[in-house]
Structures are given as C-alpha cells and as structure tokens.
Amino acid sequence: MNISLDMKDNNQVIDVKVSGEIDAYTAPQLREALSSPAEEKGKTINVDLTDVTYMDSTGLGVFVGLFKTVNANEGQLYLYGLSDRLRRLFDITGLGDIMNINSGIKGGAE
C-alpha cells in the first residue's frame, strides 16, 4: 500500500491530510515531507489521520521525531481523525498523554 499526502501551507499553519498505510516502507516519505515545515519557528502542523488504515512502530517514530522537532522550534503539532485502533496505539505507548491528539477536529487553525 502507498501513502498519499496532501499539504496546504496557510502561512503559520500547515494542514496535512495523510491517507493509506504508515509503515517501514512509507514512513520515510512522511518524515521527509514534514521535516522542513517542522523546523520552521512557530509553525502549527495539523495532521489529519482520518484515512490512515494502518500504522506500525515506524510511523509512531515519525510522529515522535516530528513532535520533538516542532516543540524545539516553538511550534505546535496536532493529530486528529485517529481511528480507535490508531488512538489505542498512541495510548499504550504513553504518547497519547504527551501529544495533542483529538479524535475529531484539528487544533490551532481558525
């Protein structure tokens, strides 16, 4: 399965729609697409995971790295639209407690 990314840059807010599977094969593409905006000071990145059908530990690693980079650059990362399965993945690893995760709506955007 492939991954599809739709990114919209609205000045200080980046909206990203991810579709498909995030695994060892597709995670590098996701990491590469999000690394540049994450390094910009004060950016808010909203990631819509509504259409993500599968994610493994490699995908979690991408989001941990993204979270650290965004925070180091005084930005915000919001993940939303997680299925119950994806939400459980973040919760059992403890990431659900430290990351901005919302099941339905994006944060930081008007």
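Me: Why does Ala-33 count as partly exposed?

Reply: In this predicted model, the relative accessibility of Ala-33 is 24%. Buried means under 20% and exposed means over 50%, with partly exposed in between; Ala-33 therefore counts as partly exposed. The residue lies in helix 1, which spans residues 27-38.

Me: What does Ala-33 touch, not counting residues up to four places away in sequence?

Reply: Ala-33 touches Leu-5 and Met-7. Although Ala-33 and Leu-5 are 28 residues apart in sequence, their C-alpha atoms are 8.3 Å apart in space.

Me: How does the reach of helix 2 compare with the span expected at 1.5 Å a residue?

Reply: Helix 2, residues 57-72, has 16 residues. From its first C-alpha to its last it reaches 22 Å, close to the expected 22 Å.

Me: Which residues of helix 2 are buried, and why are they placed on the same side?

Reply: The buried residues are Gly-59, Leu-60, Val-62, Phe-63, Leu-66, Phe-67 and Val-70. They cover an arc of only 155 degrees around the axis, so they fall on the same side of helix 2. What covers them includes helix 1, strand 3 (44-55) and helix 3 (84-92). On the other side of helix 2, Ser-57, Lys-68 and Ala-72 are exposed.

Me: What makes Asp-56 a cap of helix 2?

Reply: A side-chain oxygen of Asp-56 lies 2.9 Å from the backbone nitrogen of Thr-58. A polar contact requires N or O atoms within 3.5 Å, and Asp-56 caps the N-terminal end of helix 2.

Me: Which residue with a positive phi follows helix 2?

Reply: Helix 2 is followed by Glu-74, with a phi near 60 degrees.

Terms used:
Residues numbered from 1 in each chain as written. Predicted model: local features only at pLDDT ≥ 70, side-chain atom pairs only at ≥ 80, totals over all residues. Heavy atoms only, no water. Helix = DSSP H or I, 4+ residues; strand = E, 2+ residues; numbered from the N terminus. Buried < 20%, exposed > 50% of the residue type's maximum accessible area, 1.4 Å probe, protein only. Contact = heavy atoms within 4.5 Å. Expected span 1.5 Å × (residues − 1). Arc of directions from axis to C-beta. Polar contact = N/O pair within 3.5 Å; in protein donor to acceptor, adjacent residues only side chain to side chain.
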